[in-house]
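Here is a short briefing for someone opening this structure for the first time. Keep the sequence and the 3D view side by side while reading.

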Amino acid sequence: MLLETRGLVKRFGKLTAVDGVSLSVAAGSCTGLLGPNGAGKTTTVSMIAGLLAPDAGEVLIDGAPLRGDTDDKKRRVGLVPQDLALYDELTARDNLELFGALYDLAPPELDKAAVSALELVGLADRARDRVKTYSGGMKRRLNLAAALLHDPQLLILDEPTVGVDPQSRSAIFGNLEVLRGRGKGILYTTHYMEEAERLCQRIVIVDHGKVIADDTLRGLEKKVPPTRVLTVEIADPGTPAWLPDLRALAGVEAAELADQTLRVTLADLERAPAVLAFLGERRQRFSHFSTERADLEDIFLRLTGHTLRDP
Amino acid sequence: MRPLLALIKKDLKLFRSDRRAVIVSMVLPAMLALMFGFIFRGARGEVHVKSRVVDLDGSPASQKLVAALEKDPVLGAQQAARAEVDDLLRRGTIDVAVIIPRQFVARAAAGDQPQIELMAGATSAAEAGIARGRVEAAIATAIAPDLGPDFARCATATQPYAMVNKSPAGGDAAYDGASHALAGMGVQFILIGAVDSAVGMLNERQKGLFRRLRTAPLARAVLIASRLVSGALIALFVLLFLYAFGSVTLGIAIKGDKLGFALVAVGFAFMASALGLAMATIGKTPQATRGVGIFVVLVATMLSGAWFPAFLFPRWMQTATLFVPTRWAVDGLDAMTWRGLPLADAIVPAAVLFLSALVLAGWSALRFRWDETA
């Protein structure tokens, strides 16, 4: 394992911000650390990156415990902080040269690393521009590049897409998929369900400082009952005189039509073909149909009793 | 009416909630007023002129005069040997020295008009004027009968003695107000730069830059040391620029030891940089730090003697300024410029400045909060 944490605990006064968090990240994989604001994600990340000393538990990098500010194992870790931790008055290149030098990189190795990182995030042509002239999305990408200079095996991203436009978000996801393909291990903290679903093979859900689930996406989906809703887009429903007959169909518990969208709640998803056959017999042409799958939002709600956006 | 009142109430609430505004608007002016009050009240009733008296006469009457000068509330003159006062005056340790000549009392009584020498340092013309009046008063009250019955009865138009102003031996350094002002203003504005540095450091912390820097395998001491050295280099650059500018425009010269000047300049540069670190360590937010930092700079500059002659300070404040590093910076720069003193006179000021820098930087390394969330 590139990263393993065992029972991390961190207290601030009477508040236990992190309460026994254990997780792991393997090479070439992405683990999502998912939870609402204030769940303890950033504190956990701070301990993993060596910024905070845990009150209990330990952080293992490549199986060896991380100890102190100057531990050489920190070279295997790259942190992309939640804040845009960049010097706005310096150019992108100057920023990267500074952050690379902190890891003892020297020219020409440093130059090569800076060029490579800038190319990966698509900022090579703006390398000599001051960061203050960048858009928010460009700064986010540079924030990522700054963590890559020393070629860390483990990449920790703390909410790296906050306030980012869809295009830059997509670019960042593309970068991360490339890096994962290169064998990097990624720990990705977020409170956006769709990001964790897209990027991560394994997802750790935290709430109030505690791990409440740690599984693959498929494994988590099994924790909530499958939904039994069939949604059908009907081209021209006209006057739906057939709707009472549909509701009376065996296995149909409810059916509602709003505009062109028909939502049918079934006793069992296996009854879906019968519903589609019924619509065909009534000459209702449909352009699209789908069944709803439980997503992480549902899983979180099921596990915690509240949604991700709740305080 | 209700909207108006609501808006006023809102502004008052915002003012109260902004601690910086409260401090800058109320507490800091009150503190400065207190200090100015001490100074100017001191000027009215508690002026203290640092002085020595040398009794070459040694007669019972001259000893009465010495005792009167020792008890004088303004002079409080300690007795000293003739050989030591020149050096004390040249270094600015004392303002004036009163030299009672041999057989002063006997010669005065005989109508020989002996001369009392009133020696003053290059910066102490005002103090010398004050001292002259105090010495005349002491003679009149303490030994008038010893100087002849006419003098005692005020029956003579001429005094039985004379008082002459003199400079210390070897004290060819003329006071250069421009040079002193340059030292004082240089110290003040470099310290304001230190406040900016502290604010910048807290801004970096707010932006999460220290989180990023600390993910590298670096000791925190390295991060503090980097700020200390970069701040000192900037301060040194500013100071050297000011002296180069002063040299060209005002003819200010380093008349003392060049190495001594360099030692004091480097010591002050490190002290100013370390003070910036300490302000960042104390300050919670950039805004609050700016307000408090400016206050610290104003007080430190005032106590350095850059604004007022030190004799205007109450006696306790004159002693207290010895614990203010900026006083040593201004004194050290003065010593190596217009006073024209040797390297030895730069050692103590430079040592105090380096030691102050070490203490402030060490404390900051131990206490600085690297992360606002921690």
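Two strands pair if DSSP finds at least two bridges between them. Helices (H or I, at least four residues) and strands (E, at least two) are DSSP runs, numbered from the N terminus. This is a predicted model, in which local features need pLDDT of at least 70 and side-chain atom pairs count only at pLDDT 80 or more, while totals for chains, interfaces and linings use all residues. Residues are numbered from 1 along each chain as its sequence is written, and chains are lettered from A and ligands numbered from 1 in the order in which they are written.

**Sheet of chain B**

- Five strands make an open sheet with mixed pairing, in the order β2-β1-β3-β4-β5 (chain B).
- β2 (78-79) and β5 (162-166) of chain B are the edge strands; each has a single partner strand, so one side of each lacks a neighbour in the sheet.
- β3 (residues 96-100) and β4 (residues 115-120) of chain B are antiparallel partners over four bridges.
- Across that pair, B:A97 has B:M119 as its bridge partner, and B:V98 has B:L118.
- β4(B) also pairs with β5(B), in the parallel sense and over five bridges.
- Which residue in β5(B) is the bridge partner of B:M119? The partner is B:K166.

**Helices on that sheet**

- Angles here run from 0 to 180 degrees between N-to-C directions, with axes as lines fitted to C-alpha atoms, for helices over the stretch in contact.
- Contact means that the C-beta atoms of two residues, placed from the backbone, lie within 7 Å.
- Helix α3 (residues 60-71) of chain B lies across β1 (51-55), β2 and β3 of chain B, at about 175° to β1(B).
- Helix α6 (residues 125-142) of chain B also packs on the sheet, where it touches β1, β3, β4 and β5 of chain B.
- The direction of α6(B) makes about 150° with that of β4(B).

**Chain A overall**

- Chain A holds ten helices and 14 strands.
- Its C-alpha atoms fill a box of roughly 75 × 45 × 30 Å along the principal axes.
- Of its 311 residues, 36% are buried (20 or more other C-beta atoms within 10 Å of the residue's own; exposed is 12 or fewer, and partly exposed is in between; C-beta atoms are placed from the backbone).
- Among contacts in chain A between residues at least 6 apart in sequence, 69% join residues at least 24 apart.

**Sheet of chain A**

- Six strands form an open, mixed sheet in the order β6-β7-β8-β3-β9-β10 (chain A).
- At its edges stand β6 (77-80) and β10 (210-216) of chain A; each has a single partner strand, so one side of each is left without a neighbour in the sheet.
- The twist averages 15° from one strand to the next.
- β9 (residues 202-207) of chain A runs antiparallel to β10(A), with six bridges between them.
- A:I203 sits opposite A:D215 in β10(A).

**Cores and a covered helix**

- A nonpolar core is a set of buried Ala, Val, Leu, Ile, Met, Phe, Trp, Tyr and Cys residues joined through C-beta atoms within 7 Å.
- The largest has 67 residues, and those with the most contacts inside it include A:L142, A:I156 and A:Y188.
- β2(A) gives the most to this core, with five residues.
- A second, separate core of 54 residues includes B:L182, B:V199, B:A280 and B:L353.
- Helix α4 (residues 136-145) of chain A is mostly covered, with eight of its ten residues buried.
- Among the buried residues of α4(A) are A:M138, A:L142 and A:A145.
- Their cover includes β6, α2 (92-101), α3 (109-120) and α5 (166-181) of chain A.

**A loop residue: A:S29**

- A:S29 lies in the loop between β2 (15-25) and β3 (30-34) of chain A.
- A:S29 counts as partly exposed because it has 18 C-beta neighbours inside 10 Å.
- Leaving aside residues up to four places away in sequence, A:S29 touches A:G185, A:Q201 and A:R202.

**Where the chains meet**

- The contact takes 20 residues from chain A and 16 residues from chain B.
- The chain A side has eleven nonpolar, three polar and six charged residues.
- Nonpolar covers Ala, Val, Leu, Ile, Met, Phe, Trp, Tyr, Cys and Pro; charged covers Asp, Glu, Lys and Arg; the others, Gly among them, count as polar.
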